[in-house]
Amino acid sequence: MADNDALFTPKLTGRDYVTPDLRAKLTGSARFADDFRAEGMLVCKLLTSPLPHARVTRLDLCAALAMPGVRAILTADELPPPADSVSDSGAVIKASPWAERALTMEPLYQGEPILAVAAIDEATASAAIEAIDIAYEALPFVIAPLDSLRPGGANARADGNVWLPPAKPGERPRIGELKWSAAEFEAAGPDRLPLGKAANEWSYGEVEASLAQAALVLDQTFVTPNVSHQALETRSALAWWENGKLHLTVGSQSTAQTVPAIAKWLNMDANDIVVISEYTGGGFGGKITASVAAIIPALLAKKARAPVMLRVSREDEQAIGRARPSTIGRMRAGFAKDGRLLGLDMLVVMDNGPYEEQFDAFMAGRLASLLYQPQAMRWRGVAVLTNTPTRGAQTAPGGLQVSALLGPVLAKAARRLGLDPLAVCRINAPEGRASVGPPKPDASLNVATSAFVKQALDQGATTFGWQTRRSRPAPAKKSVRRGIGVATGCFVAGTVGFDGLLVITPQGRLRIHTGVGNLGTESFSDAQRVAADALDMPWEACEIVWGNTGRHLAWSCVSGGSQTIHAMSRAALAAGLDARAKLKEIAAQTLGGKPKEYAVGGQRVFRRDNGDQGLSFAEAARRAIELGGIYDGHQCPAGINKATHAAVAALAGQGLVAVARDTFPRDGQTYSYVATFAEVEVDIETGRYRIAALHAEADAGTVVHPRAFAGQLAGRSMLGIGHATRQKWFYDKEHGIAMSRRFYQSRPPTVLCCPERFTWGSVGIPDPQTPTGARGIGEPPTGAACAAVLCALNDALGDDTFLRAPVMVDAVLAAIEPEIRQATDGLSAKVSSFRVAG
Amino acid sequence: MHASIVESIRPAGMTRRQFIKSVIATGAVSSSGLLFSGPAGAGPKASPGAVERLITLDVNGQRRRVDVLPQETLAQTLRHKLGLTGLKVGCDRGECGACTVLVDAVPQYACSLLTQSVRGKAILTVEGLARPDGKLHPLQQGVLDEQGFQCGYCAPGFLMATLGFLVTNPHPTRQELAHGVSGNLCRCQDYDKILTGLMRGAEYMRKE
Amino acid sequence: MAIIRDGMPPFDLFRPTSVDDALALAGRFGADAWILAGGFDSLERFKDRLKRPKAVIDLGGIGELRGVRRDGGDLVIGAMTTLAEVSRHPDICERFGLLAEAAAAVASPQIRNQGTLGGNIAQDTRCWYYRGGWTCYRAGGGTCFAGESPQGQNREHAIFGAEGCVAVNPSDTAPALVALEARLVIENHKGGREIAAEDFFVGPDKDITRLNILAPGELLTAIRLPATWSGATFYFEKVSDRPVWDFSLVNIATAMRLRKDRIEQVRLVLGAVAARPWRLSEVEAAIMGCDRNAAAEAAPRLAAKGAAVLPHNGYKAVLAANLAKRALLGNKDA
């Protein structure tokens, strides 16, 4: 910095405002992918596999192609070969031979797309699908991970049933076979996860010694559910080609980063792709860079020489729309008398689905080391392939699971040790630059940028009234049991190194070009408030350009993993400071003196010693165009991403162009945290329960936009509540077919599922390792809320009552009436047999 | 035009004539929606109750001629033929509420209604709410002021369900309103903020 | 042939404006016709390609099928009266609150605005195998995937009266109508008849392919609530996993005549535990003349008696027992 001015003065940052996308959402004029129309547009429908694993043995398209109105059919053999990709640093990443393709002749799960038909309308496309003559050879399949690990259990793919680490350093992980012995299953019994061999592991400290010293050792097994993302907008997409360029309207969690993803899937030049994604109807991790299905309309549009709309039905979305992997965790946890977690030995089996390796199990281990700070820890994990839909990151992948697996263990330890569960949460909470596993090659641990979880627990407990609620007498009604729970959650909450791009126009306005996706978190806009503040710009004079790579957007992070507010507020600040520096230079060159003799404020750049002498932003922008070079974008600094480069080149000459990569220092890994408190009232006669109160207290640094922040805390808490209370999928395992195809069967929460009293708060201590102080908040509420509700249910009904989430009516009744709980097939069972006497 | 329905949902401070003009303007949104050309039911049209393909719908106060297949849903007609893409098809099975529109002032799922069944009834979609000069309906304004909704995909359905509910209960408690919109799913689960916004909107409607 | 479950295949649509026209059409098309009421059950099955009717007769345009009228001491409800109208109608609320409450518990507000009382009681089962297009007994095949297959998913299936098929009737209003001794008016183009609601529903022992006796060409036109139970002591409770927009795991509808706390007349009917509303006749007989508190002690064991539970639905027997008790005590928060 050439002067001692503050990086930014938060006039807008930290305040509520109306985001620029909201009005269109409320008037129906917001256009989501399926709302676009193009002249001569065809409609595309998918033919999907009726079997969980099969090979297509006969395919006759003649009858379908002969139907009037059918224009083209796309099959797997017409897909381009998977391309290698190149990382930002130039490293070549070889295409995976196991990767999911958009279409396949060997479907690996029921519902996987086999081919696609483009026709002049939906009815014709559907009728054509029904006219296709297709036959399959059924292949072995498996639905439950433990069934695949059993001796003689089926493998989901011909080459194996688990993801294994690379055979040699530098290679990619591979698929291979792993089976556990009958003796291992026998030793575990029906309700415990067998302690078989894992595919991956890490550790630090002396775990067995720590467990041996512990005053209390718990050995808990718990299962978290498979939950589909179920974004309300299915992944429909419209594609058309114009002058050799592909135009694609698609729902995506990133506009900028979807371009290279599509380029990779189509094996084509990224410069020939325009992605349009102004609005995205929910993503939750399932639309990080759109989805591979988006290439289907692109290829069909080329083949049929007409625009093609892939209209994805809810049933197809249920299959191809991604899901959070179920995990089965077995935790041996040793506690000191005061509740301190001395040693943690954790084995996690994950239901990976048939394709890319998921990292939920790994993240569960990493986040366990951070969230509960065990003095010694071992993590072991295995990602088991199953013939179920492709998994994907879902809000707090691994973060939801770790809280659900371990939150109730801490609460149980508290009860066994005669301690307050809040005290056990607190004594184990990360603080300051807390350590994070797995160990680095030199055996030391990573550190977090900051953690103020104890403050969150203290403030949250006060607002929630934890001690008051804890000391209340039991409800007068015999059929009602009350329970309270507290739990913490955390997740990665920030990345670095992205670009900011601004234009000060000759009209004196600030145009902000961002490649962040807009999926409703509002971070695409919120992060830019910092750029405006850096320039002391009123928001009314700012315009955000987003959602269409044809409009020249900066290289941005994906709106996922809670990284946006951190990453992009830094990038916005970097660009804002670049604009400020350029304004001062332009002023100095125009009015004389040195740049540092100038200051920026009130939409002017002016002499510090004589405020009358200066340039308005409009004048400075016009001067920038006259000066050219770096000032109006005709030159672009080094270190900027090539996508941003292209955008700058296109914007050159339009005004003062400010562009910068975030190079602000950061020491440590960025995480955010939430402490959540819940109270439940359980009707033990009907098995129903109410969440009477829930409070979520965040530790996510500076709050940039309070209403959006509250929305994330409440909404992401609800996602966790869904996992605790109702949401899951279920299969007929004998046939490998999904039984829960509808919302009334998979049960996403409704407005009436909300806690009756929901409150929130934020510690609000700025993160010291980022100049804007802000960390992400999109993920950590999820695990905290899920675990808080599970802890409250255990408090009401007893520890060791539930083997799995969600806890539904049948599970509650089984807790009350032990005779309906008969562990016939243990971990793979739900609630089992019951015979009424008499 | 069903006067009573227009009266009950038209933004206050707006004359009935203005309102009708506004919905006509909205309805005139250009549409290159494709006409269905799929195999049509070729039933004997002489039978009692046999339906015509070319029918007139009353949408946002405007009469719209449209060619409708027997098996066509109102959601398909509105989105694909009349260019009214505000309502969304999130499930096509009456399980998400994103397609909610008002039929004679009553909230219904357009995905689960045959278009033929709404002949002669007044359809109101989200496009029919704001005034032609851009002034938002007070319900929309209330949500805007509270930053309601996240991704916004469910918003049109929620707004229409709320309007219909407020016809029967203009002074709801927050809990009553929650029941009123309990047939609308929000997967961002922004329910808390949505209810706050809708309550404010209901308050604006009572004031204006 | 490949499967798609999207959009609807074509059919001929008829929208008669009188019952006579509807009956004539139904008679003419017979088994080729499909009678459309509110449409939620029907349209889903068309979209899923489970039914491909040649002709669909939409009753929505027939004014005489909608509304509630008094007939002496009875109330007669048109079959096409919406669930929302049933739940709010002053006469129903005042005299037969049980039905109003049951109608208000169905699905979601929009579904109640469009769904009809006739459609709600005549709807088909929600067994996920049957609705998924599996060739089970009910669909004309040779097995029950939910009940006979060792890994069958049967959490929401029958505990009573299951012979072969373990599907349940999902209706919330049907048990209420059985409890109220409602009479159903069934017509065809040759004439009409009135039957007891209880006789409308059939279990798999009688016919494994359908849940009611409606034959091709027949319409359910009206539901008559006789004065018998007008103003009685009622209890309805629905237990479901979601508080709204869900089908019952178990529900109970009860009508009682009490003198002080002594039970003089009583009907208890469970829903979602069998292919038809399940009357707890043994409980009724045992508690007749008893004090309601004593009855509540005795009822649970009898209510669950004979339950034949499947691997995943044992909890339904507990619910049956507990709901019977709650119904007799008349206190949901008991």
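Predicted model: local features only at pLDDT ≥ 70, side-chain atom pairs only at ≥ 80, totals over all residues.
View 1. Residues are numbered from 1 along each chain as its sequence is written, and chains are lettered from A and ligands numbered from 1 in the order in which they are written.

**View 2. An open, mixed sheet of chain B has 5 strands.** Their order is 2-1-5-3-4. Strand 2 (62-67) and strand 4 (106-109) of chain B stand at the edges with a single partner strand each, so one side of each is left without a neighbour in the sheet. On average, and with direction ignored, neighbouring strands of this sheet are turned by 40° against each other; the axes are lines fitted to C-alpha atoms, for helices over the stretch in contact, and angles run from 0 to 180 degrees between N-to-C directions. Helix 5 of chain B lies across strand 3 (100-103) and strand 4 of chain B, and runs at about 35° to strand 3 of chain B.

**View 3. Chain B touches chain A through a contact that takes 43 residues from chain B and 52 residues from chain A.** Residues are in contact if their C-beta atoms, placed from the backbone, lie within 7 Å. On the chain B side, the elements that give two or more residues are helix 4 (138-145), helix 5 (155-168) and helix 7 (191-207). This side of chain B divides into 21 nonpolar, 14 polar and 8 charged residues, with Ala, Val, Leu, Ile, Met, Phe, Trp, Tyr, Cys and Pro counted as nonpolar, Asp, Glu, Lys and Arg as charged, and the others, Gly among them, as polar.

**View 4. Helix 23 of chain A crosses helix 13 of chain C.** The axes of helix 23 (residues 809-816) of chain A and helix 13 (residues 314-329) of chain C come within 9 Å and cross at roughly 75°. That makes helix 23 of chain A roughly perpendicular to helix 13 of chain C, a term that covers angles of 65 to 115 degrees. A:Val809, A:Asp810, A:Leu813 and A:Ala814 meet C:Tyr315, C:Val318 and C:Leu319, and the residues of this contact divide into 6 nonpolar, no polar and 1 charged.

**View 5. Helix 1 (residues 19-29) of chain C has buried residues that include C:Val19 and C:Phe29.** C:Ala22, C:Leu23, C:Leu25 and C:Ala26 are also among the buried residues of this helix; buried means that 20 or more other C-beta atoms lie within 10 Å of the residue's own, exposed that 12 or fewer do, and partly exposed in between, with C-beta atoms placed from the backbone.

How values were computed
Contact = placed C-beta atoms within 7 Å. Helix = DSSP H or I, 4+ residues; strand = E, 2+ residues; numbered from the N terminus. Parallel < 35°, antiparallel > 145°, perpendicular 65-115°, else oblique. Pairing = 2+ DSSP bridges.
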